[in-house]
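Hi everyone, thanks for coming. Let me put the structure on the screen, and then we can walk through it together.

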Amino acid sequence: RLRSQSGIADSLLSLARVNLLAQGDLATVRSLLQESFSLFSELGDKESTAYCYSIWGMIAFYEGDLALAHQLFEQSLALFREMQHRHGTTEMLAALGRVAMRQGDYATARRFFEESLALARKASDKLSIAADLEGVAEVVAAQGQPVWAARLWGTAAALRETLSAPIPLIDRAAYEAAVAVAR
């Protein structure tokens, strides 16, 4: 009713992210994201455009298109770095770590997760710290270091519990599979 383009775009972007993380219908997520992206493009909003790229990257990642996910995460990362946006940069480094992990490039994955973790620590971003610890744990588990992985997962789980922030539904199966490998 207020015709606030920015408010509408923000709401659409939030709905797209929530639907994605709650394992919603990807067609709905894409529709919400496309409309949001169009509005942000008209407004020239770089930060929100970067978040749109990140969600498109997440869609590609969950669909198994790792090349596209990598490209979209890199676009998002470039915008966040240009704006010196610490949280967005942290998220995209971790996202690139997940892509590298899925590709079996453990050294690159670990480098991305550790860079993300360093930024998250500087910002006291506890949720990102937990996610980054989980990422490093997955890497070291895959490299045959299950005890270290278990310690990292335990630390991340305790941190998530204090934050009342469980692992998103869409990521739970991959987490459980990684823990099973470590066991």
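**Helices and a pocket**

Let's begin with α1, which has 17 residues: at 1.5 Å a residue they should span 24 Å, and the end C-alpha atoms are 24 Å apart, which agrees. The expected span here is 1.5 Å times one less than the number of residues. Helices are DSSP runs of H or I with at least four residues, while strands are runs of E with at least two, and both are numbered from the N terminus.

A quick word on the background. This is a predicted model, in which local features need pLDDT of at least 70, side-chain atom pairs count only at pLDDT 80 or more, and totals for chains, interfaces and linings use all residues. Residues are numbered from 1 along each chain as its sequence is written, and side-chain values use heavy atoms, with hydrogens and water left out.

Back to α1. Which of its residues are buried? They are Ala9, Leu12, Leu13, Ala16 and Leu20. These cover an arc of only 100° around the axis, which puts them on the same side of α1. The arc is taken from the directions that run from the helix axis to the C-beta atoms. Buried means under 20% relative accessible area, exposed means over 50%, and partly exposed is in between, using a 1.4 Å probe and protein chains only. The cover over the buried residues of α1 includes α2, α3 and α9. After α1 comes Gln23, with a positive phi near 60°.

Next is α2. Its buried residues are Val29, Leu32, Leu33, Ser36, Phe37, Leu39 and Phe40. Down the axis of α2 they fall within an arc of 165°, so they line one face of the helix. Their cover includes α1 and α3. Just after α2, Gly44 has a positive phi of about 70°.

Arg30 is partly exposed, with a relative accessible area of 33%. Apart from neighbours within four places in sequence, Arg30 is in contact (heavy atoms within 4.5 Å) with Ile59 and Glu63.

Now jump along to α8. There the buried residues are Ala149, Leu152, Trp153, Ala156, Leu159 and Arg160. Seen down the axis of α8, they lie within an arc of 125°, so they line one face. That buried side packs against α7 and α9. On the face turned away from it, you'll find the exposed residues Val147, Arg151, Glu161 and Thr162.

How much space lies in the largest pocket? About 880 Å³. Its lining has 34 residues, and the closest to its centre are Arg98, Ala131, Arg160, Pro168 and Asp171. On a 1 Å grid over the protein atoms alone, a pocket is an open set of points where a 1.4 Å probe fits, with protein on both sides within 12 Å along at least five of seven lines, and lining residues have an atom within 4 Å of a point. Grid points are joined across faces, edges and corners, and the volume is the space filled by probe spheres set on the points.

Which helix gives the most to this lining? That is α5, with 9 residues. By class, the lining has 20 nonpolar, 5 polar and 9 charged residues. Nonpolar covers Ala, Val, Leu, Ile, Met, Phe, Trp, Tyr, Cys and Pro; charged covers Asp, Glu, Lys and Arg; the others, Gly among them, are polar.
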